[in-house]
Amino acid sequence: MTNTNSKKITITFTNGMTTVVDGPTPIKKILEQTGQDSKTPPVLAVKINGRLAELGFPVSEDCTIEIINIFHQDALPIYERGLAFILIMAVEKLFPKRRFKIIHSISRGLYGEFNKGIPVLFDEDVEKIKEEM
C-alpha cells in the first residue's frame with residue numbers, strides 16, 4: 001500500500017544523477033533504488049547539502065547528496081570512528097570486567113585506557129582483541 005500523503009522529494013547527486021522519491025526516505029533506501037549502494041568502493045556516509053549524514057538518516061526535502069566512500073577526503077575520520085567502536089566492543093566482550101575508554105587521537109592512532117586499577121594488557125590479550133575485531 002502506498003502512502004498518498006507522502007511528499008515527492010528530488011534528490012540530486014553530485015555525479016549528476018537525479019531521482020525523485022517519496023519522503024521521508026532513508027538515504028540507504030535511496031542509494032539502493034538508484035544503484036548507488038552497489039558501487040565499489042562501498043559508501044560509508046553521505047553529505048546532504050554539505051552536511052555529513054549517516055546512511056539511516058531520512059531525507060525529507062529536496063537536496064543534493066554527495067557520496068562518501070573510502071577514497072573521499074572525509075572518509076578517514078568516519079572509518080577511524082567505526083574502528084574505535086569495534087575495538088571497544090571487542091575489548092568489552094573479551095574482558096567483561098574491564099571498561100575501556102578512548103581518550104583522544106594521537107597523530108594517526110588512538111589513545112585509550114582501561115578503568116583504574118586494572119593491569120595493562122599482555123601480548124596474548126592484544127592478539128585476542130585483533131582476532132575478535
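Analyst: A salt bridge here is a side-chain nitrogen of Lys or Arg within 4 Å of a carboxyl oxygen of Asp or Glu. This is a predicted model: local features need pLDDT of at least 70, side-chain atom pairs count only at pLDDT 80 or more, and totals for chains, interfaces and linings use all residues. Residues are numbered from 1 along each chain as its sequence is written, and side-chain values use heavy atoms, leaving out hydrogens and water.

User: How many salt bridges does that rule give, and what is the N to O distance for Asp22 and Lys8?

Analyst: The rule gives six salt bridges. Asp22 lies in strand S2 (residues 18-23) and Lys8 in strand S1 (residues 7-13), so their pairing ties together parts that are 14 residues apart in sequence. Strands are DSSP runs of E with at least two residues, helices are runs of H or I with at least four, and both are numbered from the N terminus. The side chains of Asp22 and Lys8 meet with an N to O distance of 2.6 Å.

User: Is Lys8 buried or exposed?

Analyst: Buried means under 20% relative accessible area, exposed over 50%, and partly exposed in between (1.4 Å probe, protein chains only). Lys8 has 55% relative accessibility, so Lys8 counts as exposed.

User: Which residues of H1 are buried, and what arc do they cover?

Analyst: In helix H1 (residues 27-34), the buried residues are Ile27, Ile30, Leu31 and Thr34. They lie on the same side of H1, because they cover an arc of only 100° around the axis. The arc is that of the directions from the helix axis to the C-beta atoms. The value is 100°.

User: What is the span of H2 from its first C-alpha to its last?

Analyst: H2 has 20 residues. The expected span is 1.5 Å times one less than the number of residues. That expectation is 28 Å, and H2 comes close to it, reaching 29 Å.

User: Where is Phe71 found, and is it buried or exposed?

Analyst: Phe71 is found in the loop between strand S7 (63-69) and helix H2 (75-94). Its relative accessibility is 68%, so Phe71 counts as exposed.
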